[in-house]
Amino acid sequence: MASPSSLSVDLSQAFVMAPPGLGEWLVILPPALMITAGALLMMMRHRVDRHGFIAIPALVALVLIDAALLWKVSTGGPVTMMMGRWLPPFGIAFTVDVLGALMALVSALAGLAAGIAALTDISDSGRRYGFFPFLMLLMAGVSGAFLTGDIFNLYVWFEVLLISSFGLLILGSEKQQIDGALKYAVLNLIGTTLFLISVGYLYAIFGTLNMADIALKAREINGAPLMTLSALFILAFAMKAAAFPVNFWLPASYHTPRITVSALFGGLLTKIGIYALLRVIVMLFPVQREELSLVLAIVAVLTMVLSGLGMLAQNDLRRMAGFAVILGIGNMLAGIATDTMVGLSGAVLYALHSILAMTALYLVIGRVKALTGSWTLSAGGGIYSMAPGFAFVSLALFLAVAGLPPFSGLWPKIMLVKASVDIGAWWLAAGILISGFLATIALGRTFLLAYWRPAPESAASVIAGPLKQDRLAAVAILGLAALIVLFGLFPEAPLSLSQQAATGLLDPQSYVRSVFPQGGAQ
Amino acid sequence: MNTLIFRTVAPFLTALMIVFSIFVLLRGHNEPGGGFIGGLIAASAFAIYGIAYGVAAVRRALWFHPLSIAGAGLMLSVVSGLISAFAGVPFMTGLWIYPKLFGVEVPLATVISFDIGVYLVVVGSITSIALALEEKDDA
């Protein structure tokens, strides 16, 4: 391309000709904004005291953009923007439907809460290690994963968030953190590599990476080894989501980093595995998912019940929260396995609830540590008399996590139980209820021991100091708790949105049409 | 390393490699090459300089912290993509201008600025890793 060409070329053969509107730009803005903010913070590495002033407004902007995007797709249907103007299926597509926008918005809220809590929790040395740049890049990876419409691009965003999560995990480089990070890194890299292998296999079968294109072709293709492919994808995403046989990395690593980092991870990372399962297995390979639904259901029950027992067995609160994260994953898997509209929307709703509730749970545990000076149940106590307001908020959160009314955990659980009873899988419904019961016992015991029990004599010296400080963590926890209560009391809006998301997954017509307006451009 | 031969050759080698890395970066538009491989060559140049004269000398010579360089590159790449918003075309669309510099027409594109961004990201991040590893060796 040495000089401006004077030849007349029909650009419409290769290029998108319509200029993109504001709605299309909303699709790409979340990751672009987060990368820009991350880059800016990397350049300001000597002014760590100013990091918060850039990071928090950027996260607020992310929430607003995602909210606008959700409003746009829930009223007008999925939106697509083609990178570099190339026509689908050749260009990389960013396609957002209600599911993607919903997950992106709720993740952004959790990210904002963690960012606010980090302002006091992450010290200057943690900031010099790059907490805020890593947070921005993690959010870029998370938003990109939810918004992309290209399966290889999904892999790239997985890598982005994985690399940032490594950075966050070893913030401070303590010995215990390196130990946890090693397990996390090795197992996650195996999972990501499996994902990459599956994508390569998929490309060999379909010759395309665009998800809308794959969705079209998978329904027509004959004699392709789609069963193997789906099983590979399920294994890869189950590792990411921490489903039962491949979940040992999570309890081994999530208790090691700073509590704000744990909150981010517990809220966001595993849910991306669930999102990928929903997107790839449910939307792209419906026939194979039906075949594999029994396997998924067994995995779901084992994940739920064993992590419920895991919660009971823990003395360290952070490890208990790790098992609570896995318990939620089991519930979402149950929804995916039921293969019905109600089950899928229950899974989506549970994912939204879990992002908020798990982030809040870890932040609450951080406050418990600040108040009692200990992470363990055996040593703590007396919070109720020290901070009754905080105790009330914690109780609300515990009830929400356990799935009791009137909080956000209730509605998805009802839908999941109904879906499993509808298809006659009483054992799946029993698994959901038993795991909820186990979680209730574990969290009830936490409240009993850490909050109601009078403080032990030895801990009395710690109590005086940290009560007043850390208003910002309180703001973050209260914000999340308010969302959880609102979600529990007025479930109509999230319910109808999650139903819309599930409809879009079961029948990807409108998703495909947003990429190929003419109904297939092969 | 303290051999006389290496210490004498290292500055020339470094300068040569950096020039070559820029050549590879610019060549990459239409032929094999590009920002990533160019960045790797430049990062190896800094690593060689570091082996010969120590990490402190490289940090002085670079002036900016390697991670700041990487951040600037990342910013440049994203901004190259966002420029297309003002031209009414989707993100990351290549846009060209053809200014005349000293009577020669020079085609410039957001594609090139994107690739320069990639170059800076690779230089910055790989150099910072290499320097950290060499620093550990010194201590």
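**Exercise 1. At what angle do α1(A) and helix α4 (residues 66-82) of chain B pack, and how far apart are their axes?**

*Solution.* The model is predicted: local features need pLDDT of at least 70 and side-chain atom pairs pLDDT 80 or more, while totals for chains, interfaces and linings use all residues. Residues are numbered from 1 along each chain as its sequence is written, and chains are lettered from A and ligands numbered from 1 in the order in which they are written.

Step 1. Helices (H or I, at least four residues) and strands (E, at least two) are DSSP runs numbered from the N terminus. Axes are lines fitted to C-alpha atoms, for helices over the stretch in contact, and angles run from 0 to 180 degrees between N-to-C directions.

Step 2. The angle between α1(A) and α4(B) is about 150°, and the axes are 7 Å apart.

Step 3. Angles over 145 degrees count as roughly antiparallel, under 35 as roughly parallel, 65 to 115 as roughly perpendicular and the rest as oblique. The two helices α1(A) and α4(B) are therefore roughly antiparallel.

**Exercise 2. Identify residues that make the contact between α1(A) and α4(B), and give their classes.**

*Solution.* Step 1. Two residues are in contact if their C-beta atoms, placed from the backbone, lie within 7 Å.

Step 1. Among the contributors are A:Ala32, A:Ile35 and A:Met43 of α1(A), together with B:Leu67, B:Gly71 and B:Leu82 of α4(B).

Step 2. Ala, Val, Leu, Ile, Met, Phe, Trp, Tyr, Cys and Pro count as nonpolar, Asp, Glu, Lys and Arg as charged, and the others, Gly among them, as polar. This contact has 13 nonpolar, four polar and no charged residues.

**Exercise 3. Describe the side of chain A that touches chain B.**

*Solution.* Step 1. On chain A, 22 residues are in contact with 22 residues of chain B.

Step 1. The most come from α1(A), with nine residues.

Step 2. By class, this side of chain A has 17 nonpolar, three polar and two charged residues.

**Exercise 4. How many residues of helix α8 (residues 211-218) of chain A are buried?**

*Solution.* Step 1. A residue is buried if 20 or more other C-beta atoms lie within 10 Å of its own, exposed if 12 or fewer, and partly exposed in between, with C-beta atoms placed from the backbone.

Step 1. Seven of the eight residues of α8(A) are buried, including A:Met211, A:Asp213 and A:Ala218.

Step 2. The cover over the buried residues of α8(A) includes α6 (151-169), α7 (175-206) and α22 (509-515) of chain A.
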